Amino acid sequence: MKYTYGNTSANIMNSGTALECPAGIVYIGPDFCVYKETAESGGPFLNVKARYLNYWDGYLYFTDEGGKICRVPADRPEEPEILVPFDCMCVNIMNGTLYFRNLSDGKKLYAADPDGRNIRKVCDAAALFLNAYRGKLYFCDADSYNLFCVDCSGSNLKMLSGHKIYYPNMAGDRIVYSDKTQGGHLYSMELDGGGIEPIDETAEAYYLNVFNGKIYYRNYRDGHTLWVCDWKSGRSSKLLDEDIFQINSVPGSLFFCKKIEGGRICRLKIDT
């Protein structure tokens, strides 16, 4: 995944606060600044409040407090280079191209080269939950939450679901998502919108993060606590009895925000 994409779909859906890359594990710490961890050492890396961590070709990409897309060398802290001076969200990197929602232009889909040049509008859709995956862009309409896909050129726009879809995670040949129209239950579908299958029709799941056959989520039916569902069996269980959101995953750890602590980012060790 790291050689094609800047981060996982699951993490980007949750503000991209953690990342596994050749430089190590990079994550946003409790002070909202950037930390890095390798097999030899770990600690603060960059004194910048950041979101939407991505890695590409030796650089660490992120958005700063104003939503501007920046980068620094992944092996050393430097003054961030501002690449895209707009207020951006859902920053993806696929095959060396940046894709993002431009909040300065009505949440429309934009792209840019990895050095920030050639900034261009992809399409006029106002988007949420943007995924750049296998040569296409998947997103939900900002008003209806219907799921769409479009070519990276902006052509061949196609609706995949007329339901209200939340937190679609691209997972192999399928999309795992919460269907708000169906009470927030967990489902999966094929990449073309067909082959819909239920996973867990008891949970009301948001902030989904699919990782190694598990679906981590915030369960609205249990005080917004952290739960995990085994994708194959559909069985869910509680992991943590605290109000959490924005779940990110890397090997051996989950990162998430605690509601009671003002969104402070915390870490939970898991078996992977």
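I began with R120, which is partly exposed at 28% relative accessibility; my scale calls residues buried under 20% relative accessible area, exposed over 50%, and partly exposed in between (1.4 Å probe, protein chains only). R120 makes a salt bridge with D113, with the closest N and O atoms 3.1 Å apart. I count a salt bridge when a side-chain nitrogen of Lys or Arg is within 4 Å of a carboxyl oxygen of Asp or Glu. D113 is partly exposed too, at 24%.

A note on the source: this is a predicted model, where local features need pLDDT of at least 70, side-chain atom pairs count only at pLDDT 80 or more, and totals for chains, interfaces and linings use all residues. Residues are numbered from 1 along each chain as its sequence is written, and side-chain values use heavy atoms, leaving out hydrogens and water.

Next I checked R117, which is exposed at 61% and pairs with D115 at 3.5 Å between the closest N and O atoms. D115 is partly exposed at 31%. I also found D105, K108, K121 and D124 joined into one network by salt bridges that share partners.

How many salt bridges does the structure hold? I have 19 in my notes.

Last, I turned to the largest nonpolar core, which has 100 residues. By my definition, such a core is a set of buried Ala, Val, Leu, Ile, Met, Phe, Trp, Tyr and Cys residues joined through side-chain atoms within 4.5 Å. L60, F62, F100 and I175 have the most contacts inside this core.
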